[in-house]
Amino acid sequence: MLSGDEDAFTTLYRLRQSAVYRFALQMTGKVAVAEDVTQEVFMALMEHGMRFDPSRGTLASFLYGIARNLVLRRIEKDRATEELADTIEDWPGDVDLLQDLTRRETIDQVRRAVLSLPEAYREAVVLCDLQDVSYQDAAEALDCPVGTVRSRLNRGRAMLVKKLGFAAPIKAAEGAG
């Protein structure tokens, strides 16, 4: 790809585009931003691909690192003019209306909770829990030690539990016993 092979670029794009898009979408909650970031990641790869060093990490972590930087810049830029938690369109399903509505409400609650996390925790949760990226690859993408990823992920998960109200029933049940 770096030597100008269009087929290699097309193959790479097809392999990695959806993961980069999902990361950007889950970090921002905005389809348009996710599309822009995805395009910008691959443009940056074409322009600055020589910076990729396989001895420092995987191509996936390199792409996530580029996407992360672009997302953070975009969030900072948009912060003054837009709310971070715009609604994302859901795909219609074949399930009954009540079940579909319940599922959509649950997904929306989780999205809002993830989007409300501080950026450092949101990045760890999105990469490790929603993208299934290894701790090592997440650490490389976030430019921090693996232990930091683990602690941010642990703290982010705890914040999500609290935000989603899972802790209240547990405490109520403990008090009854």
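## Starting with one residue

Which helix is the place of Asp137? Asp137 sits in helix α6. Helices here are DSSP runs of H or I with at least four residues, strands are runs of E with at least two, and both are numbered from the N terminus.

Before going on, a word on the model. This is a predicted model, where local features need pLDDT of at least 70 and side-chain atom pairs count only at pLDDT 80 or more, while totals for chains, interfaces and linings use all residues. Residues are numbered from 1 along each chain as its sequence is written, and side-chain values use heavy atoms, with hydrogens and water left out.

## The overall layout

Let's zoom out. The protein has eight helices and zero strands, so the pattern along the sequence reads α-α-α-α-α-α-α-α. Of its 177 residues, 34% are buried. Buried means under 20% relative accessible area, exposed means over 50%, and partly exposed is in between, using a 1.4 Å probe and protein chains only.

Contacts tell you about the fold too. A contact means heavy atoms within 4.5 Å. Take the contacts with a separation of 6 or more: 65% of them are between residues 24 or more positions apart.

## The nonpolar core

In soluble globular proteins, nonpolar side chains tend to be buried together. A nonpolar core is a set of buried Ala, Val, Leu, Ile, Met, Phe, Trp, Tyr and Cys residues joined through side-chain atoms within 4.5 Å. The largest one here has 41 residues, and Phe23, Val37, Val41, Tyr64 and Leu127 touch the most other members. The helices giving two or more residues to this core are α1 (6–28), α2 (31–48), α3 (59–78), α4 (97–116), α5 (119–130), α6 (135–142) and α7 (146–163).

Skipping neighbours within four places in sequence, Val37 is in contact with Ala24, Ala67, Leu70 and Val71.

Phe42 lies in helix α2. Is Phe42 buried or exposed? Phe42 has a relative accessible area of 2%, so it counts as buried. Leaving aside neighbours within four places in sequence, Phe42 is in contact with Phe9, Leu12, Tyr13, Arg16, Gln17, Val20 and Leu63. Tyr13 is 29 residues from Phe42 along the chain, with 7.4 Å between their C-alpha atoms.

## Charged pairs

How many salt bridges does a search of the whole structure find? It finds three. A salt bridge is a side-chain nitrogen of Lys or Arg within 4 Å of a carboxyl oxygen of Asp or Glu. One of them joins Arg74 and Asp36 at 3.3 Å, N to O. Arg74 is in helix α3 and Asp36 in helix α2, so this pair ties together parts 38 residues apart in sequence. Asp36 is partly exposed, at 30% relative accessible area.

Glu123 and Arg68 form another, with the closest N and O atoms 2.8 Å apart. Because Glu123 lies in helix α5 and Arg68 in helix α3, the pair ties together parts that are 55 residues apart in sequence. Both ends are buried: Glu123 has a relative accessible area of 2%, and Arg68 comes in at 17%. Arg157 and Asp129 also pair up, with their closest N and O atoms 2.6 Å apart. Arg157 is in helix α7 and Asp129 in helix α5, 28 residues apart. Arg157 is partly exposed at 36%, and Asp129 is partly exposed at 30%.

## Back to Asp137

Now for the residue from the start. Asp137 is buried yet has no salt bridge. Leaving aside neighbours within four places in sequence, Asp137 is in contact with Thr58 and Ser61.

## The largest pocket

On a 1 Å grid over the protein atoms alone, a pocket is an open set of points where a 1.4 Å probe fits, with protein on both sides within 12 Å along at least five of seven lines; lining residues have an atom within 4 Å of a point. The largest pocket has a volume of about 570 Å³, counted as the space filled by probe spheres set on the points, which are joined across faces, edges and corners. Of its 21 lining residues, Ser61, Phe62, Gly65, Ile66 and Asn69 are closest to the centre. Helices α2, α3 and α6 each supply at least two lining residues, and α3 gives the largest share, eight residues.

Key: Lys and Arg count as positive and Asp and Glu as negative; His and the chain ends are not counted.
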